[in-house]
Amino acid sequence: MTPTNPNAWSGIIRRYAEFLPVSEKTPIVSLCEGNTPLIPAPNFVRIIGGNFRLFLKYEGLNPTASFKDRGMSLAISKACEKDARIVICASTGNTSASAAAYAARARLQCAVLLPHGNIAMGKLSQAMAHNALIIGIEGNFDDALRLVRELGNTAKLEIVNSINPVRIEGQKTAAFEICDQLGQAPDFHFLPVGNAGNITAYWRGFEEYHERKLTDRRPKMCGYQAAGAAPIVDGHPIENPETIATAIRIGNPASWQSAVAAAEASEGWIEKVTDEAIENAYRLIAHSEGVFAEPACAAPLAGLIRCHEAGRIPEASTVTLTLTGHGLKDCDFALQHSESSIVPVKPNAADLLKALGL
Ligand code: F0G
């Protein structure tokens, strides 16, 4: 069932079907994901002393508040087409939230494997709200993904991690939207890198639009890992990845090769930033633009600040940057890292005026 107005937004599969592995027979499972805003960020650029145009692709405004919903809409649709009964994924939180929601919508069972004790509460509460089977692995994300791989796909069980190629296909639609919204491809695209599926997906999207002559250029892909969880930058898997950005706390990314290929083919790069730089950028974007994003999103912001300082962003460039998840996903982090606090005031106008400094 779609809205009667054919121009109403009804999700990424219906909008971009010609680019996706779907047919008339594919049952579309959608929560009207996609169509997220591309928000200009002039204050942020001014504060860091830049002279370029920055746009934030705010993926926190998807139905489960992260970019995962694009790939999940397609993955769950294909699982239904195949008559799968259970979908399963390993996750640092957002994939599980999205899988749980789309599985509920499709009336499928959903099992999620989470690194015990290292999940932001907002994400865990989503998996619980949608009634997924939640398995706490005494290990990290890489252990959880290894276990999922060991199970493998069977007739009844469908893996919905990005090792399932349709996830990447769905996620590439964010690159299409950026080109559609800008009216061209950007010069640079910045984004966080964890399991490395998203950088792979964006590059594919930018390439496909370019091949079809819908754009006349492709951006440099600029991916950012956290310093304590930077296997691609360090050149080897990290056994015990550590970072405050739990979403990208990953030591052995599944799409490692294709992420490197995307950076190389686009003449971009994959680099790392410290937790301290992540924390500063996290505050700056929320303070300066009124945009609230989860900590992992601050990795590319920190990277952009550093690139600007090093003179790597030419004047008048167009830069796009994906904010992959909403800040409300990780309220604990927001509360712990805020410079603001609650000012207690007695319930009278005089005390209130004093508190206001008036
Ligand atoms: N940003 C957020 C908010 C994420 O949740 C993730 C990955 C990434 C960035 C990195 O994207 O893996 O495609 O390189 N989250 C996965 C999860 C691992 O399980 O939710 P990637």
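Analyst: What follows is a short walk through this predicted model.

User: Which residues are closest to the ligand?

Analyst: The closest are Ser-91, Thr-92, Asn-195, Ala-196 and Thr-324, out of 20 residues that surround the ligand.

User: And which helices supply at least two residues each of the shell?

Analyst: Helix 4 (94-106) and helix 9 (197-211) each do that.

User: What backbone atoms lie by an oxygen atom of the ligand?

Analyst: A backbone N or O atom of Asn-195 lies 2.7 Å from a ligand oxygen, and for Ala-196 the distance is 2.7 Å as well. Gly-197 also places a backbone N or O atom 3.2 Å from an oxygen atom of the ligand.

User: How much of the ligand's accessible area does the protein cover?

Analyst: The ligand has 470 Å² of accessible area on its own, and the protein covers 98% of that. The space the ligand takes is the largest cavity.

User: Switching topic. Do strands 4 and 5 pair in the parallel or antiparallel sense?

Analyst: Parallel: strand 4 (residues 109-115) and strand 5 (residues 133-137) pair over 5 bridges.

User: What stands opposite Leu-113?

Analyst: Ile-135 in strand 5.

Key: Residues numbered from 1 in each chain as written. Predicted model: local features only at pLDDT ≥ 70, side-chain atom pairs only at ≥ 80, totals over all residues. Heavy atoms only, no water. Pairing = 2+ DSSP bridges. Helix = DSSP H or I, 4+ residues; strand = E, 2+ residues; numbered from the N terminus. Near = heavy atom within 4 Å. Polar contact = N/O pair within 3.5 Å; in protein donor to acceptor, adjacent residues only side chain to side chain. Areas by Shrake-Rupley, 256 points an atom, 1.4 Å probe, with all protein chains shown as cover. 1 Å grid on protein atoms, 1.4 Å probe; cavity = no way out; pocket = protein on both sides within 12 Å on 5 of 7 lines; lining within 4 Å. Sits in = over half its atoms within 2 Å of the grid points.
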